[in-house]
Structure formats: C-alpha cells, structure tokens
Amino acid sequence: MNRKTSSILLCILLLALASSQVAAQDAMTATSSQRIHPVLIRNPQNRLLTIQIQSPAAETRLQSLTFSLSGSENIESLQLLLEGQEEPPLGAAQPAADRITFRGTQPLKQGANTLWLSCTLKTTASLLEKVDATCTSLVTSAGEVTVSDTTPGVQKRIGVALRRHMDDN
C-alpha cells in the first residue's frame with residue numbers, strides 16, 4: 001500500500017469515528033431504577049419507579065409511557081409525575097391494571113428529565129404481598145426509546161403509614 005492510499009484510509013477512518021461519536025451524543029437515552037423501600041397504605045403518593053430521560057434537544061416531546069405491573073390488585077391508582085412540575089405531565093391518575101399506558105404530549109428539556117411512577121395503595125392491600133413496576137415502552141416525538149433497567153428484580157414490600165402529619169388534629 002502506498003503512502004497516498006494509507007492517508008486516504010486514515011482520513012476515512014477518522015471521519016467515521018467522528019460521525020459515530022456525534023450520533024451517539026445526539027441519541028436519546030432512558031434508564032429506570034427503583035429504590036429499596038416499602039410502599040405504604042395511607043400514603044397518597046408512593047414512588048414505585050424513577051425514569052431518567054436524557055434528551056439531546058429541547059424540542060423533543062414525550063408522547064407515551066407503558067408500564068407492566070405485578071401486585072396491581074393492591075394498587076388503587078397510578079400517577080406519573082415530572083420533577084419540578086406541579087401538574088402530572090401525561091394526565092391524571094389512572095386505575096391500576098397489569099399493563100397501563102400514560103399518553104399525552106409533554107415537552108422535554110434538553111438534558112436530564114426525571115419522572116416518577118407513583119401509586120396509591122388500596123386500604124385493603126395485603127401486607128404479605130409485594131408490588132413491582134417495569135417500564136416496557138417509552139415513545140417520544142423522536143421515536144421509541146429503549147429503557148434500560150438499572151435495578152432489575154427489585155420489588156416493593158407493602159406497609160402501613162401508622163402516623164401521618166395532622167393525624168391528631
């Protein structure tokens with residue numbers, strides 16, 4: 001191989017490497033995680049799952065999130081919450097089911113966006129049961145995003161909030 005050919009090949013390799021790095025920076029990513037703590041009867045909000053979405057562009061919109069649940073017979077309702085926002089991003093609370101989808105259009109800011117799947121338990125929930133949630137689908141205006149689970153196999157025990165603020169008043 002002569003010097004001119006090897007220089008051309010080197011330039012092609014460098015361009016391919018640079019373009020793959022730019023494409024990787026522009027890719028939207030999403031991870032889900034669960035903390036290890038119980039969900040409590042009498043608590044209006046119990047965090048089941050946290051979803052972190054890294055958006056490369058500010059004009060991207062969240063369109064739907066689908067979750068698979070186990071122990072849904074103990075859950076009264078589910079709600080999706082967005083960090084730093086008062087109103088639920090994709091509608092009001094929904095009744096529990098084995099599979100649930102939240103739909104709407106929520107603008108995502110550029111960078112990290114954190115959402116929580118929150119549940120309210122039934123007052124008759126069994127303390128011997130556990131609940132679990134997994135994000136099975138995340139769709140944005142840029143397309144479907146694969147959600148990687150950083151804490152697979154975590155299930156939440158059910159407990160009772162024995163005492164709450166203002167119980168004595």
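**Exercises on a predicted chain**

Buried residues account for 36% of the 169 residues in the chain, and the model examined here is a predicted one.

**Exercise 1.** Determine which secondary-structure elements the chain has and in what pattern they follow one another along the sequence.

Solution. Begin with the inventory, which gives one helix and 12 strands. Then read along the sequence, where the pattern is α-β-β-β-β-β-β-β-β-β-β-β-β. Finally, turn to the contacts between residues at least 6 apart in sequence, of which 79% join residues at least 24 apart.

**Exercise 2.** Decide whether Ser64 is buried or exposed, and list the residues it touches beyond four places in sequence.

Solution. First locate Ser64, which belongs to strand 4 (residues 61–70). Next take its relative accessible area of 11%; because buried means under 20%, Ser64 counts as buried. Lastly, setting aside residues up to four places away in sequence, Ser64 touches Leu90, then Thr101, Phe102 and Arg103, and also Ser137, Leu138 and Val139.

**Exercise 3.** Classify His37 by its relative accessibility, and find how far its C-alpha lies from that of Arg47.

Solution. Start from the position of His37, in the loop between strand 1 (29–33) and strand 2 (39–41). The C-alpha atoms of His37 and Arg47 are 9.2 Å apart, while the two residues are 10 apart in sequence. To finish, leave aside neighbours within four places in sequence: His37 is then in contact with Arg47 and Lys156.

Definitions and conventions: Residues numbered from 1 in each chain as written. Predicted model: local features only at pLDDT ≥ 70, side-chain atom pairs only at ≥ 80, totals over all residues. Heavy atoms only, no water. Helix = DSSP H or I, 4+ residues; strand = E, 2+ residues; numbered from the N terminus. Buried < 20%, exposed > 50% of the residue type's maximum accessible area, 1.4 Å probe, protein only. Contact = heavy atoms within 4.5 Å.
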